[in-house]
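The structure under discussion is shown first.

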Amino acid sequence: MNSPFLSGPQETRLFYENNMHFRHYLPVGALIAAFLSVLTQYNSSYYSQLLPIVEGEFKPEFINVALALKKNMESGLEQGSAFVVYYDGEPVLDMWAGYADIQSLRRWRNDTTTMLFGAGQAITAFLVALMVDRGLLNYSLPLRFYWSGCQSEESSSVTLEHLLSHQISMPYLKNPVSLRDLQSNMHEIEKDLCRMISLKVNASQPVSYDIWSALILDRLLEQVDPKHRSIEQLVQEEISDPFGIEIDMALARENYHKTARLYPPTMLQTVYQILTSPRYMKTLISRWVDSQSGLYRSFQSLKELTMSYNVFNDPELREVPLSSLTATATARDLARLYSILSVGGNHHGNQVLKQETIHKLEVPVVEQTCSLNGLQVKYGQGVQIYQNPWGQSVLGHSGYGGQIVLADRTNRLAMAYVTSYLSTHECGDDQRFLELQRGVYESLQKYIDHKH
């Protein structure tokens, strides 16, 4: 690619004066505004005295995207991430910035990976589509058709489509487990999974939280596979090897040195993000306060989700495969995978997915308010449906912390943003990503005109 981009060597420092003296009581609105101002100042100056390292390559027409990433680093909005864009099956921008481990000043490299959280479901959605193409799965058939261990009458109405579009009411485990139990005690946990499959379908209020629906899907894929391969083997042999893509559903110990250290948002960052994105307030209350909510019970079902997310820096936990949590990849490999969808299922001249199957992926199945967190959701067959800055539909999946991968079939674009500096945003609305996405669409027509 043209125009390698690297920030200058000078150190960027931001200084702020804090000489505010309040001599009178302020109205409540002014107090809130002042509080937000202090939080904004804190958020933007976070780690701002470090070198704003930005590296990578891009086509000249996309220089404003590279400059936006540099600006985010200089302001402190960004501390470590990668952003990659494919157009018409080819990379047009491949950037990385900041630090994979800020304590040791280990820089983010071009092969740095990070944990994907819910964005990992973009991978299993692609894998399901491959199996649908081969006749191993059918979106319309009930799960009990494939899962011999779950044959109750209650489960007869729950189809693969219901599972993929999160229409199973409030999935959670009765007895909390650890991630390690998924390796050592899966037989007992499967009994609870079968109970979840028997839960009623609730199409009017889909459940957006995805940990246990994803575990059901992971196990289902293993059952359906004629060789009964594990989910990590399936992804390796059906996606990574054929497409030249490195994705770790279970992060091998020898690859741990390449992954970025996870940094959960601090309390002040969380407060700032909640106040500036009020729609997440219900999520916060449902998760931590309302013991009767489905979201609370879902989180309480997995012990690690009740702890600081620093716990996921444990290499042993990262070896446990769970597609909605521990899948690990670079932005480059995610964008490369979804670039196949963006060009109609073609990979180097080979049609790997039928047009009919891709069409099923991008057609919304449900479009409602999530019953658990009150956020608007739109789901297809295992993917989320978003709108690009031009108001057109795109498909992909986001995850906690800001992770996201998208395929824009209309404009033959694919893009992925990943970070290890987590935010509360998990619905494709992280400001760091949105600024870069806007820049891509502002540059796209220029690039198309120049190319042709």
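1. Rings of Phe, Tyr and Trp (its six-membered ring) are taken to pair if their centres lie within 6.5 Å; planes under 30 degrees apart count as stacked, over 60 as edge-to-face and the rest as tilted. Ring pairs link Phe117, Tyr309, Phe312 and Tyr400 into a cluster. The count by this rule is 14 aromatic pairs.

2. The model is a predicted one: local features need pLDDT of at least 70, side-chain atom pairs count only at pLDDT 80 or more, and totals for chains, interfaces and linings use all residues. Residues are numbered from 1 along each chain as its sequence is written, and side-chain values use heavy atoms, with hydrogens and water left out.

3. One of the aromatic pairs joins Tyr87 and Tyr447: the ring centres are 5.7 Å apart and the planes stand at 90 degrees, so the pair is edge-to-face. Tyr87 belongs to strand β2 (residues 80–87) and Tyr447 to helix α15 (residues 431–451), so the pair ties together parts 360 residues apart in sequence. Helices (H or I, at least four residues) and strands (E, at least two) are DSSP runs, numbered from the N terminus. Tyr87 is buried, at a relative accessible area of 7%, and Tyr447 is buried at 9%. Buried means under 20% relative accessible area, exposed over 50%, and partly exposed in between (1.4 Å probe, protein chains only).

4. For Phe126 and Tyr338, the ring centres are 6.5 Å apart and the planes are at 50 degrees, so this pair is tilted. Phe126 lies in helix α3 (residues 121–133) and Tyr338 in helix α13 (residues 331–342), so parts 212 residues apart in sequence are tied together by the pair. Both Phe126 and Tyr338 are buried.

5. The secondary structure of the chain comprises 15 helices and 15 strands. An open sheet is formed by 3 strands in the order β5-β7-β6, with antiparallel pairing; two strands pair if DSSP finds at least two bridges between them. The edges are β5 (114–115) and β6 (247–248), each with a single partner strand, so one side of each is left without a neighbour in the sheet. Strand β7 (residues 328–329) pairs with β6 over 2 bridges in the antiparallel sense, and Ala329 in β7 is the bridge partner of Ile247.

6. As to the chain overall, buried residues make up 57% of its 452 residues. Of the contacts (heavy atoms within 4.5 Å) between residues at least 6 apart in sequence, 71% join residues at least 24 apart.
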